[in-house]
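Have the viewer open and click along as you read.

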Amino acid sequence: MSTKSTILGDRAIVIGGSIAGLLTAKILTNYFERVTIIERDRFPSQPEPRKGISQCTQLHILLARGRQIMEELFPGIYDELIAQGAATVDMVGDVKWFNPFGWSNRFPSGFMALSFSRYILDWLIYQRLIAIDGINFQEQAYATELVPSQNNRGVSGVKFKQRDGTGKKIEQTLAADFVVDASGYSSNAPQWLKMLGYDAPEETRITTGMGYASRLYEIPDDFQEDWKGAYIQAAPPQRTAMGVLYPIENNRWIVGICDTTPKRPSKDENAFMSALEQLPSPIIYNAVKQAEPATPIDIYHPPGNRLRHYEQLTRQPERFVVLGDAVCSFTPIYGQGMTVAALGAMTLGECLAEISQQRSSNLSGLAKTFQTRLAKINADPWIAATSQDAKYPTVKGIRCSLQNIRWSTWR
Ligand SMILES: Cc1cc2nc3c(=O)[nH]c(=O)nc-3n(C[C@H](O)[C@H](O)[C@H](O)COP(=O)(O)OP(=O)(O)OC[C@H]3O[C@@H](n4cnc5c(N)ncnc54)[C@H](O)[C@@H]3O)c2cc1C
């Protein structure tokens, strides 16, 4: 017998077990008897990187709103992150910030961010979820298509491929009352929609070709500055490189350099140090030149901003929604992705709560309502990221974006 008062269905499936999928799964437990997460990776048994979140070794800052949402969903997670060594950083008081006009003023602002290796957060949330009755994981399972409902108006499950004990890939089908695609930038939802006879959403891409290089360093025992982090902001179009240094767990710094200049940044030791030295202030270079590197230099070339306009579809299947990076992904330097994913999950929760408050389990119209609201949530961070990116000489795609944004959010 269910202890939940507002059940909307028996099973919900979430495709993708990264930040958007994990947060969404937690919210869905309020409305569905069972929630199954289909994830192509195996979840690690301790905090460590995994292939499906290849960006997780790069610097991740969790903005205040994202942190609030995670604390709301998983009370105590903030303390657990700190117990795992996450550094608390007053983004104004603790960070030496060189903006395009000079040094920013520093004062205690109370605007605290947490700085840590990204995979620690995913691992802590995963630990919370495996303790919840009704949540289960299909690991090393790759979702391949959606199953149409009998009346062809919606989705009634997911097909996925999973290896059996002998390593052979077996195709399986799991029925569900509701399916969420949170499979990130590589989401195949547009193709899945086409396979069911729907249009794929239009998409807007704005790219600058920005590349990332990062490396961990042991913080020297004698480091005695009055700041914890440093941010040398780019000033495009003239200056396209930026540098960051933030403390993370295990008394280490994560040091990164980003640039849109072709072939930069580089994995080469000398080129990395020289790029740090050439920033308009050498404070990061000076801090790390005596520090012991803890890892090799890691390079990452994210694809850039991409917005898929699910809200503009004139026909879309019922009982299927898309969120997180699968809908909207950003140039990472603005640190918005996890927080926007969390806002999307909360918005889905609000839509489901409205239905359950009507003592109904009718999910008709939910997909349209949700994708429309999500587009509005995504609009501000999208404009924040792309209006900055528009200043880079290498930017591509900006005109098309402004038209689409106006159409989707302000009409
Ligand atoms: C270099 C870099 C730095 C960043 N820094 C920050 C930062 O400082 N702050 C911040 O908030 N954000 C940052 N981000 C953005 C952040 O990483 C993403 O926004 C966030 O991880 C999005 O989460 P997601 O769950 O939507 O997708 P993802 O994290 O991409 O996860 C998708 C998941 O789906 C799984 N999957 C994919 N396809 C399938 C399938 N067919 N079947 C089953 N499973 C599947 C994958 O294995 C993965 O687990 C950064 C990103 C990059 C690239």
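## What you're looking at

First things first: this is a predicted model. UniProt, in an unreviewed entry, lists residues 145–361 as "domain: FAD-binding". Across that stretch the chain is 20% helix and 32% strand.

## Around the ligand

Zoom in on Ser 18 and you'll find an N or O atom of its side chain 2.6 Å from a ligand oxygen. His 60 does something along those lines: an N or O atom in its side chain is 2.8 Å from an oxygen atom of the ligand. With Ala 143 it's the backbone that takes part, with a polar atom 2.9 Å from a ligand nitrogen.

How much of the ligand's area does the protein bury? On its own, the ligand exposes 1,000 Å², and the protein buries 95% of that.

## Helix α6 and its buried face

Now slide along to helix α6, residues 269–277. Its buried residues are Phe 272, Met 273 and Leu 276. Look down the helix axis and these buried residues fall within an arc of 90°, so they line one face of α6.

And what do they pack against? The partners are β14 (211–218), β17 (252–259) and α7 (283–289). At the start of α6, check Asp 268 too: one of its side-chain oxygens comes within 3.2 Å of the backbone nitrogen of Asn 270.

## A buried aspartate

Strand β17, one of the packing partners of α6, also holds Asp 259. Is Asp 259 buried or exposed? Its relative accessible area is 4%, so Asp 259 counts as buried.

A polar contact of 2.8 Å links it to the side chain of Thr 240, and another, of 3.1 Å, links it to the side chain of Thr 261. Leaving out residues up to four places away in sequence, Asp 259 touches Gly 209, Met 210, Gly 211, Thr 240, Ala 241, Arg 264 and Pro 265.

Pro 236 and Pro 237 are joined by a cis peptide bond, with omega at about 5°. You'll find Pro 237 in the loop between β15 (229–232) and β16 (242–248).

Then there are the positive phi angles. Asn 152 isn't a glycine, yet its phi is near 65°; this residue lies in the loop between β9 and β10 (155–163). With a relative accessible area of 52%, Asn 152 is exposed. Arg 319, also not a glycine, has a positive phi of about 70°. Arg 319 belongs to the loop between β20 (305–308) and β21 (320–322). Its relative accessible area is 26%, so Arg 319 is partly exposed.

Methods
Residues are numbered from 1 along each chain as its sequence is written. This is a predicted model: local features need pLDDT of at least 70, side-chain atom pairs count only at pLDDT 80 or more; totals for chains, interfaces and linings use all residues. Side-chain values use heavy atoms; hydrogens and water are left out. Buried means under 20% relative accessible area, exposed over 50%, partly exposed in between (1.4 Å probe, protein chains only). Helices (H or I, at least four residues) and strands (E, at least two) are DSSP runs, numbered from the N terminus. The arc is that of the directions from the helix axis to the C-beta atoms. Contact means heavy atoms within 4.5 Å. A polar contact is a pair of N or O atoms within 3.5 Å; within protein, one must be able to donate a hydrogen and the other to accept it, and residues adjacent in sequence count only if both atoms are side-chain atoms. UniProt positions are given in the numbering used here, feature names are shortened, and annotations may be inferred rather than shown by experiment. Accessible areas come from the Shrake-Rupley method with a 1.4 Å probe; for residues, only the protein chains shown count as cover.
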